[in-house]
Amino acid sequence: MKKLILVRHAKSSWEYDVIDHERPLKKRGINDANLVSNYLKGNHLTFDSVLSSDAVRAKTTASIFINNLNIDKELVELNNRLYDFSGRDLVEVIKSCDSKINDLLIFGHNHAITAFVNTYGSTYIDNVPTCGVVAMEFDISSWQELSKGKTTMTLFPRDLKV
């Protein structure tokens, strides 16, 4: 059994004159990342590997989750191929993971994340929002065998706001 948690980066800011790759998070994005990751603390999640896009907004979201969930920073790897919007590279990155990895956490971008969860998950999601979390399980022994799995959890910032 392989478990995957996908996190779309939190809300980014457009107020700075920087290239897309360098866009930072908005204050709301920082707040949402803290809200969601602190909520997840209660789930006692463990990971064998954490992968993140190397874009600033994804790296910052990942950093907030890593700190709040006390994830060993040695498990974290930045991957430029996760700076992907179509989803093709996301699938290839997942399929290239070592079969020893059972619990995988990935921080990335839309449309790739929404396309992935709708292709490989069991629950249709119109749009995974910023800082949205989707957990999935796959009855496979190797990531190379990636096929339709089961969506086991969705958690969006709006779920935690009163």
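Here is a friendly walk through this structure, from the whole chain down to single residues.

The model is predicted, so local features need pLDDT of at least 70 and side-chain atom pairs count only at pLDDT 80 or more, while totals for chains, interfaces and linings use all residues. Residues are numbered from 1 along each chain as its sequence is written, and side-chain values use heavy atoms, with hydrogens and water left out.

Let us begin with the overall layout. The chain has 5 helices and 6 strands; helices here are DSSP runs of H or I with at least four residues, strands are runs of E with at least two, and both are numbered from the N terminus. Along its principal axes, the C-alpha trace spans about 45 × 35 × 35 Å.

Of the 162 residues, 52% are buried, where buried means under 20% relative accessible area, exposed means over 50%, and partly exposed lies in between (1.4 Å probe, protein chains only). The chain exposes about 8100 Å², with carbon and sulfur atoms supplying 48% of it; accessible areas come from the Shrake-Rupley method with a 1.4 Å probe, and for residues only the protein chains shown count as cover. Among contacts (heavy atoms within 4.5 Å) with a separation of 6 or more, 73% are between residues 24 or more positions apart.

Phe-107 and Val-7 are 100 residues apart in sequence, yet their C-alpha atoms are 4.8 Å apart in space. Leaving aside residues up to four places away in sequence, Phe-107 touches Val-7 and several others, including Val-50, Leu-51, Ala-62, Phe-65 and Leu-82.

An α-helix has 3.6 residues a turn, so residues three or four places apart point the same way.

Where is empty space left? Rolling a probe the size of a water molecule over the atoms shows it. On a 1 Å grid over the protein atoms alone, a cavity is a set of points where a 1.4 Å probe fits but cannot get out, a pocket is an open set with protein on both sides within 12 Å along at least five of seven lines, and lining residues have an atom within 4 Å of a point. Grid points are joined across faces, edges and corners, and a volume is the space filled by probe spheres set on the points.

The largest pocket holds about 190 Å³ of space. Of its 14 lining residues, Lys-3, Ile-5, Leu-45, Asp-103 and Ala-135 lie nearest its centre. Strand 1 (2–8), strand 4 (103–108), strand 5 (133–138) and strand 6 (150–155) each give two or more residues to this lining. The second largest pocket has about 160 Å³, and its lining includes His-44, Leu-45, Phe-47 and Asp-72.

The structure also holds 1 cavity of 30 Å³ or more. The largest cavity has a volume of about 40 Å³, and among the residues lining it are Leu-82, Leu-90, Ile-106, Ala-112 and Ile-113.

Finally, a few backbone details are worth a look. Most residues other than glycine have a negative phi, and most peptide bonds are trans. The peptide bond from Asn-110 to His-111 is cis, with omega near 5°, and His-111 lies in the loop between strand 4 and helix 4. His-44, in the loop between helix 1 (27–40) and strand 2 (49–52), has a positive phi of about 50° and is exposed, at 68% relative accessible area. Cys-131 has a positive phi of about 65°; this residue lies in the loop between helix 4 and strand 5 and is buried, at 0% relative accessibility.
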